[in-house]
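Visitor: I would like to learn how to read some features of a structure. Please take them one at a time, with the general idea before the case.

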Amino acid sequence: MLNHIIYEKYWRKSSNNLSVGCCNLKIHFLAEDVAKFYSFGIKAENGISLLIEFNDMKLLFDVGQSDLFLKNAKIMGISLDNIDSLVLSHGHYDHSGGLPALMENTSFQGLPLIAHPNVFEEKVGKDGVDIGCPVSRESAGGFFNVELTKEPFEIADDVIFTGEIPTNFEDPLNDGHRYENGKLKPDYLVDEGALVFNTSKGLVVVTGCSHPGIVNVVRYARQLFDTPKIFSVVGGFHLINEGAKRTNNVIEE
């Protein structure tokens, strides 16, 4: 997930290569889709889960597709106690599938959960398989302190959840279908948001899949903080099947 140039040149690494940090910001990769031979027992799965420490705050960003993020955290020696908020980038199962595992532990009860209002809607893959969040809005609301917002949400000083991202500069990515008034419609993931941190070196943008388009995500982050300076963009870009034209446009941007 994290470009190796960023690993080597810009970020301080931990010994297990699964935590990186700079400028009062540290990101622990609890789950993602590649496990290298030097990962010391860490396992991988499609999706992402990050524990982000910024100043005195701890945020859990996405929870992968199972309880794997909890198992990996234990192997890494990382405590998930005293998390300030849980942020879901969007409602796909590989970013929200770990919710049931969290809900089995009463110590997480009442944890603020921040997401777009559409994050719990039913989603169907192009092959007809359910790819949505395994937890209903009602069930989540009975356990977490749910904050659903389309608008930018200030989690703390210098930390914003973008809410719904305008798609003014590139087309959003279609990934499966969603139900609207009982009918299947193409899903452009309007429920996907990102986290933006205003650090001493510039903005750090953390994405889940970037279905709205990574160019749109980064430009919106700049707009929210009224600054052109981006230090790093970390997470999923969803460009693997998008071809050279779109990828080159992203590189140029």
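Guide: Start with burial. A residue is called buried under 20% relative accessible area, exposed over 50%, and partly exposed in between, with a 1.4 Å probe and protein chains only. S96 has a relative accessible area of 0%, so S96 is buried. This is a predicted model, in which local features need pLDDT of at least 70 and side-chain atom pairs count only at pLDDT 80 or more, while totals for chains, interfaces and linings use all residues. Residues are numbered from 1 along each chain as its sequence is written, and side-chain values use heavy atoms, with hydrogens and water left out.

Visitor: Where is S96 placed, and with what is S96 in contact?

Guide: Helices (H or I, at least four residues) and strands (E, at least two) are DSSP runs, numbered from the N terminus. S96 belongs to helix α3, residues 93-96. Contact means heavy atoms within 4.5 Å. With neighbours within four places in sequence set aside, the contacts of S96 are V63, G64, L88, H90, G91, C133 and P134.

Visitor: How many helices and strands does the protein have?

Guide: There are seven helices and 16 strands. The radius of gyration is taken over C-alpha atoms, and the globule rule is 2.2 Å times the number of residues to the power 0.38. For this protein the radius is 17 Å, close to the 18 Å that the rule gives for 253 residues, so the protein is as compact as a globular protein of that length. The C-alpha trace spans about 50 × 45 × 40 Å along its principal axes.

Visitor: What percentage of the residues of the protein count as buried, and what share of the contacts is between residues 24 or more positions apart?

Guide: Of the 253 residues, 52% count as buried. Among contacts with a separation of 6 or more, 67% come from residues 24 or more positions apart.

Visitor: How many salt bridges does a search of the whole structure find?

Guide: A salt bridge is a side-chain nitrogen of Lys or Arg within 4 Å of a carboxyl oxygen of Asp or Glu. The search finds nine. One of them joins the side chains of D67 and K71, at 3.7 Å from N to O. D67 counts as partly exposed because its relative accessibility is 32%.

Visitor: Which salt bridge links distant parts of the chain?

Guide: One example is K123 with D191, whose side chains meet at 3.1 Å, N to O. K123 is in strand β8 (residues 123-124) and D191 is in the loop between β13 (183-186) and β14 (195-199), 68 residues apart. K123 counts as buried because its relative accessibility is 0%, and D191 is also buried, with a relative accessible area of 0%.

Visitor: How do E180 and R178 compare in burial, buried or partly exposed?

Guide: Their side chains form a salt bridge of 2.8 Å, N to O. E180 counts as partly exposed at 35% relative accessibility, whereas R178 counts as buried at 15%. Salt bridges with shared partners join E121, K123, R178, E180, D187 and D191 into one network.

Visitor: Next, backbone angles. Which residues other than glycine have a positive phi?

Guide: Most residues other than glycine have a negative phi. N24 has a positive phi, near 65 degrees, and L189 has one of about 55 degrees. N24 lies in the loop between β2 (19-22) and β3 (25-31), while L189 is found in the loop between β13 and β14. N24 is exposed, with a relative accessible area of 58%, but L189 is buried, with a relative accessible area of 1%.

Visitor: How far apart in space are F29 and N72?

Guide: Separation in sequence and distance in space are read as two separate values. F29 and N72 are 43 residues apart in sequence and 8.9 Å apart in space, C-alpha to C-alpha. F29 is in strand β3 and is buried, with a relative accessible area of 3%. For another pair, A156 and D81, the values are 75 residues in sequence and 19 Å in space, C-alpha to C-alpha. A156 is in strand β10, residues 153-156, and counts as partly exposed at 25% relative accessibility.
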